Amino acid sequence: MTGEPVLGAVAPRRSEDRQPGGRARGAWRPCLWALPPVALLALFFLHPLALVVQQSFRPDTGGTSLRPYADVLASTAFREALWTTVWLALAATAGCLVLGFLLALVIAFVPFPGARAVARFVDVFLSFPSFLVTLALLFVYGSVGMANGAWTGVTGAAEGPFRFLTTPWGVLLAEITYFTPFVMRPLLAAFSQLDTAQIEAAGSLGARAPRIVRRIVLPEALPALAAGGSLVLVLCLNEFGIVLFTGAKGVTTLPTLVYGKAILESDYPGACVVAVVNVLISVGLYGLYRVVSRRARA
């Protein structure tokens, strides 16, 4: 026989692979690879977050105390900001669910030229910054926007009637306009996997469109609706740019309250307290979103 290795023969294992120490070193290699990203995460995210939490326990008088929490949580400004944040987020989520479901139905099941282009535009729209949508609404419904300009041009009035954009309703409209595609995207993905044979069979048996949607389409869309609605709720709770760009001075949410206390009032402990509360609410809702998304994929 020659000294060449036999085809299919198992190569001898290296001595370090057979030793317990070699196995230990192999088990530690994934941990070593994970150290750089963990270190960067701790440096650029966890450390600043820890500083915010630490500052929230340090009043201007010095020392460590719960006084900043007591002052902020008992203030009328915080309660009003919390209520405004919650109701705006819930109302915007409800509006996005209804509008997103209707638009996704039309795109998925109503044949019309350009349906694929519209579906692709929904994907592109997700990358737009929120202030861009708000700026577009200002051009249309602002005090000197196109709608008011058309009204004054036709009637000769000094001012137009559209003044809602600087109110909570304007913020609500902007949030629904911006976040509806975040509901449409998972719905379109769910509709693409729907068995159209069921819809065709129901239609051939005389079922009308509302009944088909209620009995066939909606049950399949519920997981996607829950996942999209949970995500929109989290995003609306933390939205800052829309409230700022609409110029709604009477609308104060938790993010804008953080900005006001830190920048306008120089109340850094109070701003940190509001930020900590906002983060806790957001993390809790994000956990809910992850659970709903996992069940939706299942």
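Keep in mind that the model is predicted.

Start with the core. The largest nonpolar core counts 45 residues. Which residues have the most contacts inside it? They are Phe 101, Val 171, Tyr 178, Phe 179, Leu 187, Phe 191 and Val 232. Several helices give two or more residues to this core, including H4 (76-109), H8 (168-192) and H10 (209-237). The largest share comes from H8, with 13 residues.

Now take Phe 101. Leave aside neighbours within four places in sequence. Phe 101 is then in contact with Cys 96, Leu 187, Phe 191, Val 213, Leu 218, Ala 221 and Leu 225.

On to the rings. There are 15 aromatic pairs in the structure. One of them joins Tyr 178 and Phe 179, edge-to-face. The centres are 4.9 Å apart, and the planes make 75 degrees. Are these two buried or exposed? Tyr 178 has a relative accessible area of 8%, so it is buried. Phe 179 is buried too, at 2%.

A second pair is Phe 240 with Tyr 259, and that one is tilted: 5.6 Å centre to centre, 55 degrees between the planes. This pair links distant parts of the chain, 19 residues apart. Phe 240 sits in the loop between H10 and H11, Tyr 259 in helix H12. Phe 240 is at 26% relative accessibility, so it counts as partly exposed. Tyr 259, at 37%, is also partly exposed.

Last, a cluster. Ring pairs link Tyr 178, Phe 179 and Phe 182 with Phe 121, Phe 125 and Phe 128.

Notes: Residues numbered from 1 in each chain as written. Predicted model: local features only at pLDDT ≥ 70, side-chain atom pairs only at ≥ 80, totals over all residues. Heavy atoms only, no water. Core = buried A, V, L, I, M, F, W, Y, C linked by side-chain atoms within 4.5 Å. Buried < 20%, exposed > 50% of the residue type's maximum accessible area, 1.4 Å probe, protein only. Helix = DSSP H or I, 4+ residues; strand = E, 2+ residues; numbered from the N terminus. Contact = heavy atoms within 4.5 Å. Phe/Tyr/Trp six-rings, centres within 6.5 Å; stacked < 30°, edge-to-face > 60°.
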